[in-house]
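My entries follow in the order I made them.

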Amino acid sequence: SEIFSIAQATTVDQWSDEYWRLFDSSMACPINQAAYVRREKGTILGDLSGFYLAFGWEHVLQTGERPDHLLCQLEFIAVMLAMAVQAQTDEQSEIAREALGKFAQTHMHDWLPSFCWQLCEVTQLPLFGAIGTWLVMLWDALTAVHAWPVDPRPAERIEVQQDIENPYECAAGGLVQPGEH
């Protein structure tokens, strides 16, 4: 596939440098839900933690990432899909499937496409553009196959919001820091 060809043509240093630029240093493309969703960050993080705890998923505590980090959320979805398939009873399977639908609607559908659009727009490597395109296509396919409830997507992508409380999170690195004028 095209993405594998692009990946093979990308050196480890190119990959690492662009990853750092996009997600860590200047945060050209924040990888956390709270950077895109217009809800209280504490509410988002608390609700995510509630989902994770309700299903005994503690990986977030081990990685040190915030609960709204994209990789944490995608891993939780994978765990929940496996849980639904491996359920011992129809009731357990239905509980997992309902939770997945609610999680998808509340914590993924409203920001994941905007993250992917932002990634495609700001990346300097074709590899990350291909990943963003593939990820949104995968998400749309998962949503359709599992009939997860979704709210209509905004006509345009959600703009990244700046977090004044934590200036180095959520793309706020360019804000004036205390003592700077």
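I looked up Cys29 and found it buried, at 0% relative accessibility (buried is under 20% relative accessible area, exposed over 50%, partly exposed in between, with a 1.4 Å probe and protein chains only). This is a predicted model, in which local features need pLDDT of at least 70 and side-chain atom pairs count only at pLDDT 80 or more, while totals for chains, interfaces and linings use all residues. Residues are numbered from 1 along each chain as its sequence is written, and side-chain values use heavy atoms, with hydrogens and water left out.

I counted 0 disulfides in the structure, a disulfide being a pair of cysteine sulfur atoms within 2.5 Å. Cys120 is in no disulfide either, and its nearest cysteine sulfur, in Cys116, lies at 6.8 Å. I noted Cys120 as partly exposed, at 32% relative accessibility.

**Confidence.** I checked pLDDT, the predictor's confidence in each residue from 0 to 100. The chain has a mean of 83, and 82% of its residues reach 70 or more. Over residues 167–181 pLDDT stays under 50. For that stretch the model has 29 contacts beyond four places in sequence, where contact means heavy atoms within 4.5 Å. Where pLDDT is low, the predicted coordinates should not be read in detail.

**Largest pocket.** I read off a space of about 330 Å³. On a 1 Å grid over the protein atoms alone, a pocket is an open set of points where a 1.4 Å probe fits, with protein on both sides within 12 Å along at least five of seven lines; lining residues have an atom within 4 Å of a point. Volume is the space filled by probe spheres set on the points, which are joined across faces, edges and corners.

Of the 15 lining residues, Leu70, Leu71, Phe128, Ile131 and Leu135 are the closest to the centre. Which helix gives the most to the lining? Helix H8 does, with 5 residues (helices are DSSP runs of H or I, at least four residues, numbered from the N terminus). By class, the lining has 15 nonpolar, no polar and no charged residues; Ala, Val, Leu, Ile, Met, Phe, Trp, Tyr, Cys and Pro count as nonpolar, Asp, Glu, Lys and Arg as charged, and the others, Gly among them, as polar.

**Gln14.** I located Gln14 in helix H2, partly exposed at 35%. Beyond its neighbours within four places in sequence, Gln14 is in contact with Ala9 and Leu125.

Conventions
Helix = DSSP H or I, 4+ residues; strand = E, 2+ residues; numbered from the N terminus.
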